[in-house]
Amino acid sequence: MNLSKKANANSAASGLSLDRARDAWADAPGWARWSVYLLLVIGALLLPNQTIGSFMAPSSTDWASMLSDQIAIYVLLALGLNVVVGMAGLLDLGYVAFYAVGGYTIAIFASKHGWSFWETLVLAIVFSALAGVILGAPTLRLRGDYLAIVTLGFGEIVRVTAQNSSYVNGPRGIQGIPHPPTLSEFEIMGVQPLKYGLLDSRPYYYLLLFFIILTIIFVKRLDRSRVGRAWAAIREDEDAAELMGVPTFKFKLAAFAIGAAIGGSGGVVFAGKQTSINPDNFTFLVSALILAGVVLGGSGNIPGVMLGAFVVAWLPERFRFMQDYRMLIFGAALVLMMIFRPEGLWPSRRRKAELAEGTGGMGSMGAEVAGPGQAAAAGEVGK
Amino acid sequence: MLDDFINQFWPSTVDGLSLGAIYALVALGYTMVYGVLRLINFAHADVFMIGTFAALWTVRSMGVDQVGGFALIGVVVVMAVVAGAVAGGSAMLLEVTAYRPLRKRGASRLAALISAIGASIFIQQLFGTVIIRHVFGTSKSGGKLPVNEHFRKLKTVIDIGPIHVSNDKLIVFVGAVLMMIALDQFVNRTKLGRGIRSTAQDPETAVLMGVNIDRVVQTTFLIGGIMAGVAAALYIVRIEQTDYFVGFLLGIKAFTAAVLGGIGNIRGALAGGFVLGLLETYGSSFFGSGWRDVVAFSLLILVLMFRPTGIFGESLQQARA
């Protein structure tokens, strides 16, 4: 994504110099920041370019469809899951359920009832937010890992229900979902960015990019608002937050609904691009990979989460030439990356501080007592 | 619906108990690791899967030529020993490679969870691409590995009152219960078991009292692995085939069972396994087999709504009472 430049800078300048870069960024005047944002957006717009693609994608794969089918979708979903996991600190292992609700909403209403793409988009966002509330209302009183297994169960319930319902054709799924209607035929640099056809993947990438930018703005504003502060309080210490007068249940439900709505919008674009969906598109592995993207990138930090989702979506595709072994290597890579950067590739500063204290937001593992030598290790992580 | 349910009541009960026994054994691994480390060991399902391959390999290379019920017991014991050893070893290896480095760095539980998911993907793919091909000599497509024909001849039907039970289901049930009793005695009676309980209760104090945490964690993984291995042998006896992804769904169910009983609680995991196995089988005879998983997970959500920490509540040390 548009992060690749920043990511390189990140890996080049590690440790303290990264902090210096962050200070500089925080002190930078408004115009400087806006010009960086503008550059990033232009970079993202130019990303489907074949020159970049020849390096990023294996030769047999179309880079633009890799971007739209895998990478951009994962980045959008990771941004949505980040609201739940990174900001509110609720572990959701069944995020794919909301993605599925979005996908099936457009499949049913567009292909069976003839609604247009944009109408179903709105409907799907409402439905998936509702699904978030329906799942959240009875279960959000649960703590930590109980919530994790319940959300995992919910994800499986949605998938198995789709598999068993003849209304949505069971395991065969729904075909013939219409593409989004073409908005305009205008052409720029050889692309028709608003013409959603069968052959060119780039318009879908631009559509997703539009969603991603909207989501970033929305989530960033939320994070800086009263809602974001409430989430931070809940994440750090739920009991304390409740005692200080934060209506924790209400804010947790809001996090679920907002995360779900973002996931649902991802499902709509996915279904509109693929024109067919079936329950196998929505397995637990998708939830696991998106969560891996969030944690790998640096839970709670928006650029980090996008970087993580990019890595998780891109790595297995890039190494497709290794065929069967690519997932094997990917699994090992996940373990190694977590061992060497347990706080994520690009953590937020606050999270890093939490990690140094040994609580890490989601709490640390048990049986982890600072014996001799371990205190030094903790100090190392905290630098 | 109701007629099916009534007609199928006794067969369902037998099926449910033998299925629940396997769930319970696998759930033990989840609940013990959770009790000690507060970690959902996602790769435990794949330790189970490794066990099924070990058991299958054993039964294939044994060349059974006897017929009849009692020979099965001997075969199952050999399978369980091999599978338990292989799975226990794998679980310890898993702990050393995927969790210990994170633990030493004081990583968050979320990071450990992702490491677990990565390890799970790795093990599955290792079996799907390498082991099946090079050890068992089958290609990945249609990679279901069945047992040999001789093994099937060992199964007979026994009548207990009005109920017909096939001997393999009986062996699964009895074998699982024996393992559970052994584990319960180990955790409650031995010095190492006391170490495990004290670590679960309060790791810091346990260290001050001279408990070697690393050894406790290793033992916990070893025991969980052995239990999963025995469960895998029993699974092969019942299902007669395996594949590299069999661990996934069974693992989720077993974890569900552990949560149902109250995670971290050993006896709770046992009860949760049997409750889940029974209700799932009843549910599938009531609603149709396609809805089996929906019944299981809906049950989980329902129970947790009313008992937010499982049926018996949390914590390993309470299991002592």
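Biologist: How many Å separate the centres of domain 1 of chain A and domain 2 of chain A?

Modeller: Happy to start there! This is a predicted model. Chain A is divided into domain 1, residues 1-46, and domain 2, residues 64-347. Taken over C-alpha atoms, the centres of these two domains of chain A are 25 Å apart.

Biologist: Thanks! How many helices and strands are there in chain A, and how many in chain B?

Modeller: Chain A has 17 helices and zero strands. Chain B comes to 13 helices and four strands.

Biologist: What does the radius of gyration tell me about chain B?

Modeller: You set it beside the value for a compact globule. With 321 residues, such a globule would have a radius of gyration near 20 Å, and chain B has 19 Å, so the two agree. Along its principal axes, the C-alpha trace of chain B spans about 55 × 50 × 35 Å. Buried residues make up 55% of chain B. In chain A, which has 383 residues, the buried part is 49%.

Biologist: And which share of the contacts in chain B joins residues at least 24 apart?

Modeller: Here we look at contacts between residues at least 6 apart in sequence, and in chain B 79% of them join residues at least 24 apart. For chain A, the corresponding share is 74%.

Biologist: Now the two chains together. How many residues of chain B are in contact with chain A?

Modeller: On the chain B side there are 51 residues, in contact with 51 residues of chain A. Several helices of chain B each supply at least two residues of that side, among them helix 2 (9-37), helix 4 (69-104) and helix 13 (292-306). Helix 5 of chain B gives the largest share, 14 residues. By class, the side of chain B that touches chain A has 33 nonpolar, ten polar and eight charged residues.

Biologist: Could you show me one residue there? What does B:Ile301 touch?

Modeller: B:Ile301 sits in helix 13 of chain B. Leaving aside residues up to four places away in sequence, B:Ile301 touches A:Pro138, A:Thr139, A:Val150 and A:Gly153. B:Ile301 counts as partly exposed because 18 other C-beta atoms lie within 10 Å, while a buried residue needs 20 or more.

Biologist: Next, helix pairs. Why are helix 7 of chain B and helix 10 of chain B called roughly antiparallel?

Modeller: Look at the angle between their directions. Helix 7 (residues 167-189) and helix 10 of chain B pack at about 170°, with their axes 9 Å apart. Angles over 145 degrees count as roughly antiparallel, and therefore this pair of helices in chain B gets that description. The contact includes B:Ile171, B:Val172 and B:Met179 of helix 7 and B:Ile223, B:Met227 and B:Leu234 of helix 10. The residues of this contact divide into ten nonpolar, one polar and three charged.

Biologist: Last one: where is A:Asn169, and what is its phi?

Modeller: First, the general idea. Most residues other than glycine have a negative phi. A:Asn169 has a positive phi of about 65° although it is not a glycine. A:Asn169 lies in the loop between helix 8 (144-164) and helix 9 (202-224) of chain A. With 15 C-beta neighbours inside 10 Å, A:Asn169 counts as partly exposed. In chain B, B:Glu240 also has a positive phi, near 70°. B:Glu240 is found in the loop between helix 10 and strand 4 (241-242) of chain B. B:Glu240 is partly exposed, with 17 C-beta neighbours inside 10 Å.

Key
Residues are numbered from 1 along each chain as its sequence is written. Chains are lettered from A and ligands numbered from 1 in the order in which they are written. This is a predicted model: local features need pLDDT of at least 70, side-chain atom pairs count only at pLDDT 80 or more; totals for chains, interfaces and linings use all residues. The radius of gyration is taken over C-alpha atoms; the globule rule is 2.2 Å times the number of residues to the power 0.38. A residue is buried if 20 or more other C-beta atoms lie within 10 Å of its own, exposed if 12 or fewer, and partly exposed in between; C-beta atoms are placed from the backbone. Two residues are in contact if their C-beta atoms, placed from the backbone, lie within 7 Å. Domain bounds come from an automatic or database domain assignment. Ala, Val, Leu, Ile, Met, Phe, Trp, Tyr, Cys and Pro count as nonpolar, Asp, Glu, Lys and Arg as charged, and the others, Gly among them, as polar. Axes are lines fitted to C-alpha atoms, for helices over the stretch in contact, and angles run from 0 to 180 degrees between N-to-C directions. Angles under 35 degrees count as roughly parallel, over 145 as roughly antiparallel, 65 to 115 as roughly perpendicular and the rest as oblique.
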